[in-house]
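The structure is shown first.

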Amino acid sequence: MRSSFFRILVLALIIAGLGILSIYSSTYQKEGVWQDIYKRQALWVFLGLVCFFAAARLNYRRLWDANYLIYGIALFFLFLVFALGIIRLGAQRWLRFAWFNFQPSEFAKLAVIIFLARYFSKKSVDDISLLSGKFGIFRGIILPFIFVAVPMFLIIEQPDLGSGLMLLLVFVSLLYLTNVRLKYIIIMIAILVLPLPFFWHFLRDYQKQRLLVFLNPNIDPLGAGYTVIQSRIAIGSGGLFGKGWLSGTQSQLYFLPESHTDFIFATFSEQWGFLGSILLLLMYYLIIRQGFIIAQRTQDSFGRLLAYGISLLLALQVFINIAMNMGLAPVVGLPLPLMSYGGSSMLVTFIALGILVNIDRTRSVF
Amino acid sequence: MGRKGVLKIVIILMFAVLFIGLANLDLLQGSRFRRLSDSNCIRLIPQEGSRGNILDRNGQLIVGSRISYDVMILPQEPEQIDRALEGISRILNISPGELKSVFRKNYFSSSLPVTVASNIELKKAILLGEYKLEEPAIIVQSNPLRDYPYGTLASHVIGYVNEIDRWRLTKLEDYGYKTKDIVGFGGVEEKYDYYLRQEEGGLSVEVNHRGKFTRVLGFEPPRNGRDVQLTVDLRIQKIAEEALSGRKGSIVIIDPQNGEVLAMANYPNFNPAVFVNKRTRLIAGLFNNPASPLINRAVSSSYPPASIFKIVVASAALELRKINLATSFLCRGSMMIGSRKFSCWDVHGMQDVISALAHSCDIFFYRTGLLLGAQNIHDYALKLGLGKSTSFELPYETSGLIPSPLWKKINRFQNWFDGDTANLSIGQGDCLVTPLQAVDMVSVFANGGYLPSPYIIKSVGGVDLSAKKKRMLRVGFRRETLEIVRRGLRAVVSGSRGTGSVLSGLKVPVAGKTGTAQVSRGSTHAWFVGFFPYDKPKYAICVFLEHGGPGHAATVIARQVIEAMIKQGII
């Protein structure tokens, strides 16, 4: 239907526009390349729009067919990053292309959702009922988990704990939405949670540090806790109405690190205050709600799961990013969809929204 | 509810958590975070106004301010501080190590500029101002400092300035005083600190996360303190201090017609400049000196008045009609009161009240005192302003003491005897009077029966306060009494055997009374109280010398003062 198309497009554009304003405000006092960063973001938004329209036109059922290809491409890029990371002996989250950095982990999130949506909506040849209801623990949990675990492992190795855990969260919530028996899901969660203390040893030092700092930011106010403290100050000092655009001292005077990427919400909130932030939250909520509505009225189980997956991905990213800005979640490197500076996230989010719109559009054709 | 419903509720809950989190940060803790954000990026560079001047009655400067220059450093990156300190040490000729230790000592927080050298010369300040172009972390601050053009002159009246102490801070915190504020101690500086005090202004600037200056947010010009004009006449003050020249004691000269203090000199005195220059050794010397140079003896110390107290006894007796002009007593050099022998300092023969005052005959006053009774003497002493505070403006005034039978019962647990009355009649015993009270008391006989409330502040910030001062208090003596006492005081000077006859040769007729106070150890205290010119008194004077010998010594100093005043054409 046209209405969902327009609603999603308008909301996404407003949020992306606010993102550009915030990026401009946080960088306009800095010198050199920083000053052009908002223009690049504007370019990404434009390219994102192109992708959105393209995805909205492309019948999503083709994704069913291209499923393995997409998954394969995502894995290939992740392996490439992994390999380059080993060669360059350091953190490596992106691949350098001609004039931009491509972050495969963003793409992998979408690929995994498409893969899972297809996996769980396979039908029995005999009676056209969904197979997932008859899955045992191996086919219901373990096999798909292996498919999720491979990219997840590669992403966490990058190291990008946030995106890796995001995959896990999306997997668990999609499992919950399918017909897989609740017992199995609980068993899986138990298996995942119980060895957590064991996994602690595999975390990198800075990741451990961040988790500890999350529990108490003041143990290291100038180190790992600094960002959270400054971001809380930025948000809180906005007050009811905010300090006004271009008047955010926290973000403009460098007190807040990453003020244009992961902590863009703090930048925005400092300038627009409580009211502005509530409006922003409302817009995100409306987009996500639209996604759920689309999912609910879609008869096709693949489309339905895909729509749920995309909405959940958005909701979880928004929630974790903003919660981490407010110090309610540990600092993991997760961008705020549509607002944070970065091309990969922007493009993938717009593609995902385009798919969402397409699902709704194609529904009437069936 | 299906699984989808549960998931929907989970999503709504997530947004609710974000909403509550935002409300908590923005609305509940918003003001706290606002403050934190401001303290992150706003730095204040204070600029001092200058403290108000202290002027004499003719508008002559007694205490002023001069500009001193301080060098401060905005703490930024360590290597920048090191470079700046090196540059400063080159210009100021101070070793970098010393500067560094000063920096470390004065460092408070990265948000406050640190003073590394204070009180530097103008030339070097200009050089440093140029160097600032290279090292923006340097701040050259002009700072008005207290300046004392006359050194020790009137030091007790003025007081001194120093960093606020803990006791004053707790008392004055509510009035906007802060730690490290410079406030007055003693004298006018302390009592009128609130008016003299300058208001700090300053530059508020915005800095980034490295403390680097980004822009000026605002400027609040500093406000100078208000000037305080004293009733003191600088010329007379100088004369008095020169006359005292190194002798322990004090000279107070007031205008008996209105109570204005024209001079208040004390010795030992101190140079308030040592507190400005922070000469620690000298300051410690002042506090440890057994002669207590910081004490304003004229108001903060009291001494036995001795024979000047006879003025009180004489006027009380005349007023209560216990004696009159015709009353005479025979002085044979001593008399018995109870079983004790009370002696006079000489053998005077028949004495009436005028000659008894002139010769300071003790026997006459023993007898008069016994006629009066201790309570009457006490009451009349209080009427003449003794034994209680004069509510003078300078701090730490002591009230002195006039004993009475009741006082003795309460404080000494003893009965009052006639011997005590006799002692009191000649101003000995427990009786204590400050020099200011003494001059106030004698003023009553100079102005025709009014007790002045002495004051020293003429105006504050250009507003004349003399109209707001307490009126002269009518003592209510009969004309006759006043006249007789006046004649007696005149006879002290003019009489051939008067105790103050050294003053008789002056061009200006003087009246007064000497006193020699016996003390339990050491030499006697010397007193002279009086007023001049006799017919139309314009000045009342008290000269007091602590352990200065007989009253004669004080009279000689009074003569020096009056002579100098005549010579300079003041009278």
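## Backbone features and a helix pair in chain B

B:Ala306 sits in the loop between helix H13 (297-300) and H14 of chain B, where helices (H or I, at least four residues) and strands (E, at least two) are DSSP runs numbered from the N terminus. The model is predicted: local features need pLDDT of at least 70, side-chain atom pairs count only at pLDDT 80 or more, and totals for chains, interfaces and linings use all residues. Residues are numbered from 1 along each chain as its sequence is written, and chains are lettered from A and ligands numbered from 1 in the order in which they are written.

B:Ala306 is not a glycine, yet its phi is positive, near 55°. With 25 other C-beta atoms within 10 Å, B:Ala306 is buried (20 or more such atoms; exposed is 12 or fewer, partly exposed in between, with C-beta atoms placed from the backbone). B:Tyr396, in the loop between helix H17 (374-383) and helix H18 (405-412) of chain B, also has a positive phi, about 65°. B:Tyr396 is partly exposed, with 15 other C-beta atoms within 10 Å.

| Cis bond | Omega |
|---|---|
| B:Tyr267 to B:Pro268 | near 0° |
| B:Phe532 to B:Pro533 | about -10° |

B:Pro268 lies in the loop between strand E12 (261-267) and helix H11 (273-276) of chain B. B:Pro533 is in the loop between strand E22 (525-532) and strand E23 (539-545) of chain B.
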